[in-house]
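Subject: Structure handover

Hello,

Here is the structure I promised to pass on. Please open it first, then read the notes below.

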Amino acid sequence: MIKGGISDLNTFIEEDPKYIKPILEQARPDFNEHTDAICRDISLVADVNVLKDIPTLIMHNENDNVVPSKLSHNLVTQLQNHGIEHEVHFFPGKHHQILESNDQVQDLTINWLEKHRNKHMKASL
């Protein structure tokens, strides 16, 4: 599974309420009345156990000015606390566009995919 997105909505709201909160209020008219429940339903950190059997690769630019890197740091902490296999790479000095580190991202992704493909193939023998 390859996905990008918000892993910790509560932290995102705390870090940048002017950006994300109006979007959530527009998408969910009941957001202000049910903030905690909605954040829990959307946030991966609320139940990282869904990843226990899914290889997880996290890459985030440290100076992301749209999605704070703190969200990925929180996810990594939860994965570690639950003993869930993952690989993580933070790119210092880079902003929101992960492709600012394109060669590195490409190499890391290919290596990660090959590692898990080989692991899966060995397990099926």
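Start with Ser69: this residue is buried, at a relative accessible area of 10%. Buried means under 20% relative accessible area, exposed over 50%, and partly exposed in between (1.4 Å probe, protein chains only). Ser69 sits in helix 4, residues 69–81. Beyond its neighbours within four places in sequence, Ser69 is in contact with His60, Asn61, Glu62 and Phe90. Contact here is heavy atoms within 4.5 Å.

Two notes on the source. The model is predicted, so local features need pLDDT of at least 70 and side-chain atom pairs count only at pLDDT 80 or more, while totals for chains, interfaces and linings use all residues. Residues are numbered from 1 along each chain as its sequence is written, and side-chain values use heavy atoms, with hydrogens and water left out.

Overall fold

The chain has five helices and two strands. Along the sequence the pattern is α-α-α-β-α-β-α. Helices (H or I, at least four residues) and strands (E, at least two) are DSSP runs, numbered from the N terminus. Of the 125 residues, 30% are buried. Take the contacts between residues at least 6 apart in sequence: 66% of them join residues at least 24 apart.

Cores

The largest nonpolar core holds 10 residues: Leu9, Phe12, Ile13, Ile20, Leu24, Phe31, Ile38, Cys39, Val67 and Leu71. Helix 1 (9–15), helix 2 (17–27) and helix 3 (35–42) are the elements that give two or more residues to this core. Helix 1 provides the largest share, three residues. A nonpolar core is a set of buried Ala, Val, Leu, Ile, Met, Phe, Trp, Tyr and Cys residues joined through side-chain atoms within 4.5 Å.

Helix 4

Helix 4 has 13 residues and reaches 19 Å from first C-alpha to last, close to the 18 Å expected at 1.5 Å a residue. That expected span is 1.5 Å times one less than the number of residues. Ser69, Leu71, Ser72, Leu75, Val76 and Leu79 are buried in helix 4. Why do they lie on the same side of helix 4? Because they cover an arc of only 150° around the axis. The arc is that of the directions from the helix axis to the C-beta atoms. Their cover includes helix 1, strand 1 (57–61) and strand 2 (87–91). Gly83 follows helix 4, with a positive phi near 65°.

Salt bridges

There are four in the whole structure. The criterion is a side-chain nitrogen of Lys or Arg within 4 Å of a carboxyl oxygen of Asp or Glu. Lys70 and Glu15 meet at 3.4 Å, N to O. This pair links distant parts of the chain, Lys70 in helix 4 and Glu15 in helix 1, 55 residues apart. Lys70 is partly exposed at 37%, and Glu15 is partly exposed at 40%. Lys52 pairs with Asp53 at 3.6 Å, N to O. Lys52 and Asp53 are exposed.

Best regards
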